[in-house]
Amino acid sequence: MSNLNINSLFSESYQQSRERFLTTMKDKGAEILSLLHPDEGPNMTPLYMDVASLKRAGNKQGIVLVSGTHGPEGFCGAACQNYMVERGGLAKLLETVNVFFIHGHNPFGFAWNRRFTENNVDLNRNYADFEESQSFLNVDYLEISDLIHPHDLTEECFDQIKLWISERGASAFHQVALSGQRVDPDGILYGGVHGEWSNTMIRSVLPGLLGNLDDVVVIDIHSGLGDYGVGEIFSVYQNHDPRQAVLAQWYDDLIARNDSSNDANASGASEQYVTDGDFCSALTEILPQTTVYAFALEYGTVEFDRVFQALVRENFAYHKYGLDDDRTLKAGQRLRDCFYINSPEWKELVITRFEDILVKTLRGLQKLSGD
Ligand SMILES: [Zn+2]
């Protein structure tokens with residue numbers, strides 16, 4: 001595929017991405033469910049989570065592609081969705097597999113260039129069981145919360161963070177700062193204390209769409225972690241879970257290894273940590289009758305330091321100046337530039353890896369149905 005063709009899969013704003021998605025899906029005869037979000041986007045445009053379904057009676061397997069769980073990471077995810085429906089051999093696919101697309105899992109963040117939702121909640125830490133005790137607070141986050149969300153954000157804060165990392169190690173920092181927390185609602189990666197709008201919508205819609213299928217692969221597409229243009233699979237399953245062995249067999253070296261015990265790995269690439277309330281884990285319980293194979297597909301963009309600083313600066317501006325202040329919008333742009341690299345090489349790497357993953361997924365599903 002030429003660069004020009006690849007470029008046309010990507011959009012430059014949430015609105016443009018949504019329009020492109022809907023046009024493509026309608027063109028293929030998809031059933032579309034557009035869920036209106038309670039808030040508005042820039043210039044008072046309405047926001048939606050759009051769910052498109054392409055089904056054939058009798059199919060017992062499904063693939064779900066999700067974009068925008070972390071707002072502007074949706075530029076990368078939506079391009080993969082466009083690729084799959086336009087050039088991924090859809091007609092052949094639909095002979096055996098139903099295909100579903102969720103565009104704008106967190107539409108508020110997508111439209112405003114925020115990783116977080118309308119309530120400053122990290123949606124990928126929000127699919128927790130809130131009835132079940134206060135399982136995961138991460139009170140250790142309070143140790144660094146004043147550096148991450150200070151009264152005044154200066155270079156000194158970042159120097160202090162660097163010092164903290166040099167003393168305690170990168171993986172300790174990742175666990176404290178990035179695993180999620182429920183102690184500072186104005187901080188980063190705040191998991192919330194109840195289900196967000198997006199979470200509620202997913203729980204109300206997915207069982208009806210997918211509940212009658214035997215096997216479903218859910219690919220939640222992210223960006224901003226790992227090496228430039230490389231897509232790695234982050235499985236949420238424990239080693240003893242049979243699904244882990246299945247994914248390892250299907251994707252082999254595309255699965256990120258857990259390097260968190262290795263402090264030398266300060267780049268943040270392939271770093272995994274214990275989290276609570278991630279979307280992929282919750283799907284097992286949301287779809288109890290179906291065997292779900294869910295994972296995050298994470299594409300690398302720029303170095304970890306830059307992503308982290310952009311995240312902190314945007315969060316600071318959002319709380320200090322408000323959502324539509326110029327300073328916040330600029331900080332949002334810079335954050336977006338860390339999640340979405342507007343260059344032909346990066347886009348080509350993203351789509352080429354995605355093509356590979358799609359082929360491996362289909363082969364895997366065929367194997368399952370043959371067993
Ligand atoms: Zn993400």
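Guide: Start with the strands E1 and E2. Strand E2 covers residues 46-54, and seven bridges join E1 to E2 in an antiparallel run. Two strands pair if DSSP finds at least two bridges between them. Helices (H or I, at least four residues) and strands (E, at least two) are DSSP runs, numbered from the N terminus. The bridge partner of Ser-34 in E2 is Asp-50. This is a predicted model: local features need pLDDT of at least 70, side-chain atom pairs count only at pLDDT 80 or more, and totals for chains, interfaces and linings use all residues. Residues are numbered from 1 along each chain as its sequence is written.

Visitor: What is the order of the strands in the open sheet?

Guide: The seven strands of the open sheet are ordered E1-E2-E4-E3-E5-E7-E6, with mixed pairing. Strand E1 (31-40) and strand E6 (231-235) are the edge strands, each pairing on one side only.

Visitor: How is the packing of two helices read?

Guide: Two packed helices are described by the angle between their axes and the distance between the axes. Axes are lines fitted to C-alpha atoms, for helices over the stretch in contact, and angles run from 0 to 180 degrees between N-to-C directions.

Visitor: At what angle do H3 and H14 pack?

Guide: Helix H3 (residues 74-87) packs with H14 at about 55°, and their axes are 10 Å apart. H3 and H14 are therefore oblique to each other; angles under 35 degrees count as roughly parallel, over 145 as roughly antiparallel, 65 to 115 as roughly perpendicular and the rest as oblique.
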